[in-house]
Amino acid sequence: MSQGFLRSTLAVAGASVCLFLGSAISAQADDGMVKVTPLGSHDGEFCSRDRALIFEDPNGTRILYDAGRTVAGPEDPRLGKIDVVLVSHMHGDHVGDQRISQTNQGTCASPDTGVSTLPQSNTVDIAVKHNAKIVTGSEMPAFFAAKLKGAGGDPANSMLVRFGGEREVGGVAVTTVPAVHSNGVSPSFLTGPLAEHLKAAGVGASVGPPTGYVLKFSNGLVVYLSGDTGITAEQKLVVNDHYSAGLVVMNIGDTYTTGPTQAAYVINDLVQPKAVIPSHANEPATSGGKVQDGTRTALFQESVNVPVHVPLSGRTMAFNGAASCVSGCN
């Protein structure tokens, strides 16, 4: 056997070993990760109505956050198993007063959400079908309990966690934190004389203040979900100082919530996480999966000091306990 042939054989064998080890290391890299999957209106894009995210703990617990209008009801094949549903507040674009029939209908700027879910909501329909817990704060649990009962579900699946408290569901610790916004229930979610009186008066029913959430996953990752909010002192005192959130889902849409520069201040100066996922941009933020120049999302990306992971619908991102994205991020 020639030395050249021997060297070539060893080189090929070495490359095979490296390839095998690389595959093994890659497989191990996904172990113990929290997976985050956006469920938007258009595959591979970040569009105007996109709110919904699924968080999957390493132990398999799956949490749907703010289903809104871009989940195609309880039969949406992207849902898989859902154990917990979180709702930041009762506005229709978050709880889901209407929804898409399937993805990629209409445009990214104006998706077709023509399927009405009233008076129950997309959230309740999903929770009943999947026998999932709805975990909320304020006075929302009583509202959702009544809705679950009315839809043939178990009212005990509506669970309370108020500010300062904590509830463990499926191995994930959940608490609510303050948000500065409104939280009226539209009369369209109600029935009977009360609905008619409220509609005539031009007001909604009160279910207490809106919320954000802090989630602590089994791999140690702490996530802050801002919900619709302005700048609050609690983002520093509670979310940063007490919970030390490493990953943030930050609403950036302006007018209804923090705009891109205000949201960047929250990230850079108050919460100071390791990474951020923008949400609630109220714009067709991407085209072909790339952030478009001149958008709020682009301005937010330029303004923050940490990695910005754009939530492209259907693209799963995986995070370790230190909030570093190990796969699936831009």
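This is a predicted model: local features need pLDDT of at least 70, side-chain atom pairs count only at pLDDT 80 or more; totals for chains, interfaces and linings use all residues.
**Asp-57**

I began with Asp-57, in the loop between strand 2 (53-56) and strand 3 (62-65). I then looked for a polar partner. The backbone nitrogen of Asn-59 lies 2.9 Å from a polar atom of the Asp-57 side chain. Leaving out residues up to four places away in sequence, I listed the contacts of Asp-57: Met-33, Val-172, Phe-217 and Ser-218.

**Salt bridges**

How many salt bridges does the whole structure hold? My search found 9. I took notes on several.

Arg-69 and Asp-97 pair at 2.8 Å, N to O. Arg-69 sits in the loop between strand 3 and strand 4 (84-86), and Asp-97 in the loop between helix 2 (92-95) and strand 5 (98-99), so the bridge ties together parts 28 residues apart in sequence. Both Arg-69 and Asp-97 are buried.

Next I checked Lys-129 and Glu-75, whose closest N and O atoms are 3.2 Å apart. Lys-129 belongs to helix 3 (residues 122-130) and Glu-75 to the loop between strand 3 and strand 4, so this pair links parts 54 residues apart in sequence. Glu-75 is exposed, at 57% relative accessible area.

Last, I returned to Lys-81. Its side chain meets that of Asp-83 in a salt bridge of 2.6 Å, N to O. Asp-83 is partly exposed at 24% relative accessibility. Lys-81 is also partly exposed, at 45%.

Technical notes:
Residues are numbered from 1 along each chain as its sequence is written. Side-chain values use heavy atoms; hydrogens and water are left out. Helices (H or I, at least four residues) and strands (E, at least two) are DSSP runs, numbered from the N terminus. A polar contact is a pair of N or O atoms within 3.5 Å; within protein, one must be able to donate a hydrogen and the other to accept it, and residues adjacent in sequence count only if both atoms are side-chain atoms. Contact means heavy atoms within 4.5 Å. A salt bridge is a side-chain nitrogen of Lys or Arg within 4 Å of a carboxyl oxygen of Asp or Glu. Buried means under 20% relative accessible area, exposed over 50%, partly exposed in between (1.4 Å probe, protein chains only).
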